[in-house]
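Trainee: I have a model open and would like to walk through it with you. Can we start with the enclosed spaces and then move to single residues?

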Amino acid sequence: MTGDFQQEQQQQSMGPLSTNHGGHELFDVHEVLSAAIGGLNQFVLLRDHVQDPELLSIMDKQYAFMLDEYNITVEAYKTGHDPQHPTRTYNMQTGNDFKYGLTPSEPKKPMQMASELDDAIIAGCILGAHKVSATGKTTAALETCNPVLRRVLQDSIKNCIEMAYEISIYQNKKGNYQVPQLAPADMQAMLNMYGQGQMAKNMPN
């Protein structure tokens with residue numbers, strides 16, 4: 001109770017929580033919300049062109065989750081108070097096995113005609129949207145003063161990463177997201193470059 005009382009006193013001294021935002025914060029979260037709308041719009045525009053039922057299932061699940069997360073972020077942004085529910089956790093519906101190595105394939109290049117749109121391109125658009133969202137939310141969270149809004153953004157970042165990971169696994173399975181590796185000796189050398197740290201002698205244990 002003491003902690004709650006002190007937090008309430010602190011918030012009163014800073015003014016109404018709904019105006020407890022810095023300028024940098026407002027601009028950065030404005031960018032986050034604009035990018036979220038752009039991502040959601042992409043899902044709507046691309047959905048009717050999807051051929052693979054698996055990709056469609058992933059898109060529908062991700063869209064519903066993203067829309068809910070957008071709404072609670074807007075609520076926290078506008079009010080400065082806890083949204084109607086905490087940030088949820090996105091759970092992938094696929095396994096996490098990556099196929100490693102490169103297989104020769106056609107070079108990637110921009111489309112020339114809308115008729116070239118296919119599932120591989122759609123999955124690439126989705127991955128790009130999640131990467132933009134994760135980067136933007138990380139930047140905004142680091143600039144956010146309002147504790148509620150910062151927590152909503154912070155908790156959302158891991159969901160962007162999880163959704164990006166899910167779609168990259170799908171792309172990898174289809175051969176559209178290849179993962180090169182180093183030669184075994186180079187891999188081992190890289191892994192052995194680091195060792196465990198010891199407590200510095202002038203630091204308390």
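Trainee: Which helix gives the most to the lining of the largest cavity?

Mentor: Helix α2 gives the most, with 6 residues. Before going further, note that this is a predicted model, in which local features need pLDDT of at least 70 and side-chain atom pairs count only at pLDDT 80 or more, while totals for chains, interfaces and linings use all residues. Residues are numbered from 1 along each chain as its sequence is written, and side-chain values use heavy atoms, with hydrogens and water left out. Helices are DSSP runs of H or I with at least four residues, numbered from the N terminus.

Trainee: How many cavities of 30 Å³ or more are there?

Mentor: The count comes to 1 cavity of 30 Å³ or more, and the largest cavity holds about 170 Å³ of space. A cavity here is a set of points, on a 1 Å grid over the protein atoms alone, where a 1.4 Å probe fits but cannot get out, and lining residues have an atom within 4 Å of a point. The volume is the space filled by probe spheres set on the points.

Trainee: And what lines the largest cavity?

Mentor: The lining has 16 residues, of which A36, M66, S133, K137 and C160 lie nearest the centre. By class, that lining divides into 10 nonpolar, 4 polar and 2 charged residues. Helices α2, α3 (53–79), α4 (119–143) and α5 each supply at least two of the lining residues.

Trainee: Switching to G39, why does that residue count as buried?

Mentor: G39 counts as buried because its relative accessibility is 4%, and buried means under 20% relative accessible area with a 1.4 Å probe, protein chains only. G39 lies in helix α2, residues 23–47, and, not counting residues up to four places away in sequence, touches M66 and A129, where contact means heavy atoms within 4.5 Å.

Trainee: What about N159, buried or exposed?

Mentor: N159, in helix α5, counts as buried at 1% relative accessibility. The side chain of N159 makes a polar contact with the side chain of E69 at 2.8 Å, and also reaches the backbone nitrogen of Y90 at 2.8 Å. A polar contact is a pair of N or O atoms within 3.5 Å, one able to donate a hydrogen and the other to accept it, and residues adjacent in sequence count only if both atoms are side-chain atoms. Leaving aside neighbours within four places in sequence, the contacts of N159 include F65, T87 and R88.

Trainee: How far does α5 itself reach from its first C-alpha to its last?

Mentor: Helix α5 (residues 147–173) has 27 residues and reaches 40 Å, close to the 39 Å expected at 1.5 Å a residue, where the expected span is 1.5 Å times one less than the number of residues. At the start of α5, a side-chain oxygen of N146 comes to within 3.0 Å of the backbone nitrogen of V148, and just after α5, G175 takes a positive phi of about 85 degrees.

Trainee: Last one: which residues is T73 in contact with, leaving aside its neighbours within four places in sequence?

Mentor: T73 is in contact with L33, L149, V152 and L153. T73 lies in helix α3 and counts as buried at 3% relative accessibility.

Conventions. Buried means under 20% relative accessible area, exposed over 50%, partly exposed in between (1.4 Å probe, protein chains only). On a 1 Å grid over the protein atoms alone, a cavity is a set of points where a 1.4 Å probe fits but cannot get out, and a pocket is an open set with protein on both sides within 12 Å along at least five of seven lines; lining residues have an atom within 4 Å of a point. Ala, Val, Leu, Ile, Met, Phe, Trp, Tyr, Cys and Pro count as nonpolar, Asp, Glu, Lys and Arg as charged, and the others, Gly among them, as polar.
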